[in-house]
Amino acid sequence: MEIVELVELHARSLELAVEVVDGARPEQLDLPTPCAGWTLRHLLAHEIGQRHGFAAAARGAGPDPALFAPVTVGPDPAGTVRRSGTELTAAFRGAAAAGRALWLPEIRDGGPFPLDRAVGFHLLDTLVHGWDLAAALGTKDRLVERVEGDGELLSVLEAVTDAVPDTPEARAPGRAFRPGLRPGDGAGRFERVLALLGRDPAWKG
């Protein structure tokens, strides 16, 4: 897949994430999520901070972990999520035009990573944490249906997931993903991805 196509596919994943939090109410920000110890507020702060960090990296920033710091969630979480996604898509498009690699200090040795790998990393993060958000809000079935209906998006997500190491070191406490689980009988492709990354598709808050 050409990098320009991958960037636009990634933009589709961002739109799905916006749909998940669109209409989220302030009193829901303290709901638990599948990410142990993280409320909806904590997860949104992490996700928005990651988008700012990836956007800065796509614009040529060096390996500065502070660029990826969580961002305080204000009274309009959906609007903040949408704006951060718009910023990131514009930055990825610029990096594609420039042929720029990205420094990502929180991933492995920090890079620099080719743009296609960096976009793939963030696409996975967007959809898996999008499911975490949807699970907290009680709308995960809707997101699963949307992702399952997009074969192109799913194929890229599966390819990135298969490259994530499932070793004790990579899945240790504090890492992005827990040890993989066995997908249940009849699990769909997105649910299989979730299970392989340590999520229980049947999770309820």
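User: What should I know about the numbering and the cut-offs for confidence?

Analyst: Residues are numbered from 1 along each chain as its sequence is written, and in this predicted model local features need pLDDT of at least 70, side-chain atom pairs count only at pLDDT 80 or more, and totals for chains, interfaces and linings use all residues. Side-chain values use heavy atoms, with hydrogens and water left out.

User: Is E47 buried or exposed?

Analyst: Buried means under 20% relative accessible area, exposed over 50%, and partly exposed in between (1.4 Å probe, protein chains only). E47 has 4% relative accessibility, so E47 counts as buried. E47 lies in helix α2 (residues 40-58); helices are DSSP runs of H or I with at least four residues, numbered from the N terminus.

User: Which residues does E47 touch, not counting residues up to four places away in sequence?

Analyst: Contact means heavy atoms within 4.5 Å. On that count, E47 touches D125, T126 and H129.

User: How many salt bridges does a search of the whole structure find?

Analyst: Side chains of opposite charge can pair when their charged atoms come close. A salt bridge is a side-chain nitrogen of Lys or Arg within 4 Å of a carboxyl oxygen of Asp or Glu. The search finds 11.

User: Where in the chain do E8 and R93 sit?

Analyst: The side chains of E8 and R93 form a salt bridge at 2.9 Å, N to O. This pair links distant parts of the chain, with E8 in helix α1 (residues 3-21) and R93 in helix α3 (residues 77-98), 85 residues apart. E8 is partly exposed at 32%, and R93 is partly exposed at 44%.

Technical notes. Helices (H or I, at least four residues) and strands (E, at least two) are DSSP runs, numbered from the N terminus.
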